[in-house]
Amino acid sequence: MALTIASREVDGVTVLDLSGRITLGEGSVQLRDAIRDLISKGQTKILLNLGDVNYIDSSGLGELVSAYTTARNQGATLKLLKLTKKVHDLLQLTKLYTVFDITDDEASAIASFK
Amino acid sequence: MNAPLPGRRSFELSSTMESVCEIEAAAEKMAEEAGLSEDERFHVTMAVREAAVNAVLHGNEYDPGRKIGVGIENTGKSLVFTIADQGSGFIPEEVPDPLAPENLMRGTGRGIFLIRQLMDEVHFRQLHPGTELTLVKHLGPDKKT
């Protein structure tokens with residue numbers, strides 16, 4: 001299943017609800033474009049909801065890192081919400097779990113941007 | 001050339017992302033038929049996909065004149081996958097450690113690391129030209145997960 005991205009605003013935070021796969025050719029570019037679009041519009045608080053991301057490969061992991069650094073370099077903050085077990089395990093394995101700010105509860109995640 | 005062993009499938013694919021999906025689907029089917037757990041199936045499928053991506057993208061560089069050679073086999077003790085490209089080859093020992101602090105924030109370079117982490121055995125063979133990766137997932141008590 002290809003990646004779908006839905007965007008919504010909650011208390012000044014842009015939440016991107018991602019669903020499907022983030023892999024080379026099946027979502028990495030979509031995610032990159034979505035992040036760049038938000039940042040170009042001046043959005044500085046971005047929450048990626050990965051609760052429905054059922055598959056991610058090394059390209060997808062790299063895209064998450066790139067999204068994080070792109071946001072940071074532009075003065076924005078990017079956080080992750082609701083990891084599936086597969087994504088959680090891969091972030092642990094690659095030590096990226098320590099890089100991201102990750103929360104399971106959306107309300108807490110939104111509040112953490114204030 | 002020897003005839004394929006019973007249960008062993010060999011095939012050749014073009015250097016496209018469609019081929020990657022085909023190899024991934026074949027690995028998933030074999031892992032499922034072998035009765036692996038959901039986690040193990042994910043590990044096998046992901047490792048095989050990473051190897052296929054490397055072969056198509058880095059090995060053959062999407063060159064339509066170069067093929068990907070694939071072998072999949074359930075030996076009864078292990079699942080064995082071979083994926084070969086016809087590229088210029090690479091030295092696996094020279095692949096930077098993606099866990100090193102200076103590499104942690106790189107957007108690429110995690111594929112070989114993940115393959116090694118997710119499979120029980122990984123072997124590299126230089127083909128001149130090309131590289132063959134053999135990925136092994138044990139089915140018995142020797143398995144990693």
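**Exercise 1: two helices of chain B**

Task: find which residues of H1(B) meet which residues of H2(B), and describe how the two helices cross.

Solution. In H1(B), the residues B:Met17, B:Ser19, B:Val20, B:Ile23, B:Glu24, B:Ala27, B:Glu28, B:Ala31 and B:Glu32 meet B:Glu40, B:Arg41, B:Val44, B:Thr45, B:Val48, B:Arg49, B:Ala52, B:Val53 and B:Val56 in H2(B), where contact requires C-beta atoms, placed from the backbone, within 7 Å. The residues of this contact divide into 10 nonpolar, 2 polar and 6 charged; Ala, Val, Leu, Ile, Met, Phe, Trp, Tyr, Cys and Pro count as nonpolar, Asp, Glu, Lys and Arg as charged, and the others, Gly among them, as polar.

This is a predicted model, in which local features need pLDDT of at least 70 and side-chain atom pairs count only at pLDDT 80 or more, while totals for chains, interfaces and linings use all residues. Residues are numbered from 1 along each chain as its sequence is written, and chains are lettered from A and ligands numbered from 1 in the order in which they are written.

Next, take the geometry: the axes of H1(B), residues 17-33, and H2(B) come within 9 Å and cross at roughly 155°, the axes being lines fitted to C-alpha atoms over the stretch in contact and the angle running from 0 to 180 degrees between N-to-C directions. H1(B) is therefore roughly antiparallel to H2(B), a term for angles over 145 degrees.

**Exercise 2: a valine in chain A**

Task: is A:Val53 buried or exposed, and which residues does it touch?

Solution. A:Val53, in strand S3 (residues 45-56) of chain A, counts as buried because it has 24 C-beta neighbours inside 10 Å. Leaving out residues up to four places away in sequence, A:Val53 touches A:Leu18, A:Ser19, A:Gly20, A:Ile22, A:Thr84 and A:Val87.

**Exercise 3: where the chains meet**

Task: how many residues does each chain bring to the contact?

Solution. Chain B brings 16 residues and chain A brings 14 residues. On the side of chain B that touches chain A, H2(B) gives the most, with 5 residues.

Technical notes:
Helices (H or I, at least four residues) and strands (E, at least two) are DSSP runs, numbered from the N terminus. A residue is buried if 20 or more other C-beta atoms lie within 10 Å of its own, exposed if 12 or fewer, and partly exposed in between; C-beta atoms are placed from the backbone. Angles under 35 degrees count as roughly parallel, over 145 as roughly antiparallel, 65 to 115 as roughly perpendicular and the rest as oblique.
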